[in-house]
Amino acid sequence: MQQGTLMRKVKSKSWKKQRYFKLQEDCMTIWYQSKRTGKTESAFSISDVETVREGHQSEVLQSVAEEFPPERCFTIVFYGRRGNLDLVAGSAEEAQCWVQGLRQLIEPRSFPLTFALVSRTWIRDWFQKADKNKDGRMNFKEVQRLLKMMNVDMNEDHALRLFQDADKSESGTLEGEEFVLFYKALTQREEVLSLFQEYSEDGKKLTLLELVDFLREEQLEDEGTEELAMELIDKYEPSETARARHVLSADGFLMYLCSLEGSIFNPQHRGLWQDMSQPLCHYFISSSHNTYLIEDQIRGHSSIEGYIRALKRGCRCLEVDCWDGPNGEPMVYHGHTFTSKIPFREVVSTLGKTSWGNSSSPLPSMGMFLPSSHPQRYGQSTAVQGISVLPETVQEPRGQGPWRHWVAQGTSLSPTPQELKHKILLKGKKIGRLEDTLDGPGDEAPDVSDDDNGAEAEEERRRAKVRGTQHSSALQKDKETLAQALSDCVIYCKNVPFRGFQEARSHSRPSEISSLSEAKARKLIRDEGNEFVRHNAWQLTRIYPSGMRTDSSNYSPQEMWNVGCQIVALNFQTAGMEMDLCDGLFSQNGCCGYVLKPPFMRDKESLFNPSDPSSREGPGPITLTIQVISGQQLPKVANSKEGAIIDPLVRVEIYGVPADQAHQETKYIENNGFNPRWDETLQFQLHVPELALIRFVVEDYDKTSRNDFVGQFTLAFANIKPGYRHIHLLSKDGTGIPPSSLFVHIRITE
């Protein structure tokens with residue numbers, strides 16, 4: 001990467017300042033300074049960077065798109081709530097140099113490098129924070145201050161002994177490698193060393209056979225164990241000599257346990273591992289509500305950044321509320337409120353550039369609301385023009401594509417994610433039905449045979465006539481308010497009102513979708529749980545937040561997933577337990593935004609009702625046993641007092657059917673956020689494990705007020721890997737907080 005590159009830092013269309021950017025010699029820090037004054041403005045660590053976006057993939061860079069070509073533009077996105085850094089390089093070559101260089105630094109080729117990188121960065125960052133006089137040395141007083149900063153309340157005599165052991169030069173200060181020695185002594189993992197020595201005959205190494213025994217007995221690896229052991233040694237053993245002898249040292253053992261293979265999340269489930277050839281209605285689909293909003297629902301800011309963030313997070317169902325704007329140009333905002341507005345063309349442009357960044361799975365529902373009172377209004381035709389420029393157009397030629405085959409076969413189910421890869425589907429009103437598009441008018445009077453009871457046949461004819469009249473009236477109303485070209489864009493997801501499960505089963509189509517408020521859905525779950533499950537086995541249902549949630553708060557999606565609702569829309573801008581559950585469910589299957597529902601929720605004649613776990617077909621309840629062993633380098637609570645040290649506890653929460661909802665917690669450890677030890681066992685019984693999500697939460701105990709959040713990690717039960725595992729914690733908004741983790745032991749029994 002080039003050193004001291006001159007680039008433009010862009011904050012708005014009118015604020016574009018030239019700055020020199022330079023990667024420091026440690027390859028972990030970037031600083032930038034003013035071209036005019038030469039004064040360093042700011043610096044950031046590579047570990048703070050979540051991702052790098054190329055081109056005009058931010059609201060700021062889109063505003064200057066006419067001035068600067070996309071090949072010179074890129075955006076640095078940071079973890080947490082820190083704002084993006086939008087940059088314009090002097091040339092496309094310079095931009096690529098920085099983009100590729102940054103990506104190599106933040107996305108190393110293997111996890112061991114990531115672990116080593118994080119450790120090195122962590123050590124350097126702490127040294128710089130504690131070295132108050134910036135002389136490159138640290139005296140014992142500075143070390144004591146450092147321990148407070150690191151969440152460690154250590155006996156002064158013990159701290160002094162560690163300090164003196166590391167002070168090889170006997171200078172009374174630590175510098176360079178001496179501080180590294182001090183840090184390693186401080187971070188000694190006794191619980192891991194004890195486990196290592198349990199399987200090591202000499203206490204110094206694990207032979208290949210000893211490692212195989214550990215993998216089989218503790219990690220429950222039962223296939224290709226010898227090959228796996230060889231792979232782990234080659235991948236995680238830092239000593240070339242040990243690798244050549246096919247043995248694993250204590251350092252290599254720790255590296256393995258802290259790696260992806262040692263994570264609680266089954267590494268085989270991180271990629272695309274589920275069948276993607278099932279009908280759309282057989283999947284849970286990651287979905288957002290009012291995607292354009294990044295704040296509240298009344299006066300909040302509308303931004304294309306909302307779409308970018310949601311898509312990067314794996315969301316596959318977006319909302320685009322279009323309203324008539326000046327000069328007939330559609331505008332996107334929350335209607336009848338004071339939220340800001342963004343042009344529809346900017347939203348479409350953003351979707352075209354970012355829809356397939358993480359996933360080729362279809363966007364099954366780009367919901368649009370177009371209130372124009374006449375179909376010839378300029379706004380609707382402009383919207384159609386905007387949609388038509390999207391890559392892999394929404395509207396396929398009539399009689400073409402997988403939907404033609406699907407309708408022609410007369411199947412009662414919808415097409416599959418596999419068939420619809422790289423397609424954007426529009427959810428909205430449609431003139432008539434999909435069958436009408438192909439074959440003419442749809443609803444015909446039923447064919448009543450001579451064997452039918454006369455009175456029943458006559459009643460059915462009467463009902464059919466009423467339905468036909470209602471259908472004709474609705475069809476005429478749609479024609480008066482909806483442009484045909486826009487109607488033709490709606491193929492799989494025609495909006496229809498929900499009038500009950502019996503009505504839907506008799507007269508609705510798999511190509512139709514109903515939207516329900518959270519309150520309406522809860523009533524149906526309570527009163528007709530099994531019918532709701534059956535309905536969702538063949539037709540899509542969308543759930544949206546209550547209009548009373550003006551603060552963009554969320555409802556729990558779990559109760560909606562319990563009955564198989566596919567499109568459970570959440571406010572992605574609001575962090576909390578609800579979004580943790582969403583991220584936890586969709587972090588599997590390649591983060592494609594689709595998760596296959598359990599078999600008993602894909603059967604139209606299913607007997608399953610979430611309120612009665614015994615209605616589930618399959619094996620009986622299972623027992624989940626979690627031994628919470630220790631924590632490592634937990635972060636301090638935001639805005640805490642200087643010198644304050646957390647008192648951490650771990651709470652394990654189970655989300656699923658009502659019978660499985662539970663939580664248990666450990667005791668709190670006083671004044672130790674650096675390496676707390678709990679060694680407590682928690683046990684849960686799960687009746688419907690296929691629907692269960694497990695949330696690990698670390699909190700700072702407070703006896704006088706509510707506990708403070710420290711970190712969390714959520715995953716579906718199906719993705720748990722048993723054995724000794726690390727849980728790498730996430731912040732409140734779902735981003736990583738390396739190297740903070742929990743060390744646990746997991747057992748699953750029937």
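Helices (H or I, at least four residues) and strands (E, at least two) are DSSP runs numbered from the N terminus. The model is predicted, so local features need pLDDT of at least 70 and side-chain atom pairs pLDDT 80 or more, while totals for chains, interfaces and linings use all residues. Residues are numbered from 1 along each chain as its sequence is written, and side-chain values use heavy atoms, without hydrogens and water.

**Strand pairing**
- E3 pairs with strand E2 (residues 16-23) in the antiparallel sense over five bridges; pairing requires at least two DSSP bridges between two strands.
- Gln33 in E3 is the bridge partner of Tyr20.

**Val247**
- Val247 sits in the loop between helix H10 (240-244) and strand E11 (248-249), and is buried at 7% relative accessible area.
- Beyond neighbours within four places in sequence, Val247 has contacts (heavy atoms within 4.5 Å) that include Lys205, Ile233 and Ala242.

**Cysteines**
- The structure has zero disulfides, a disulfide being a pair of cysteine sulfur atoms within 2.5 Å.
- For Cys582, the nearest cysteine sulfur belongs to Cys315, 7.5 Å away; Cys582 is buried, at 3% relative accessible area.
- For Cys591, the nearest cysteine sulfur is that of Cys592, 8.3 Å away; Cys591 is partly exposed, at 35%.

Definitions and conventions. Buried < 20%, exposed > 50% of the residue type's maximum accessible area, 1.4 Å probe, protein only.
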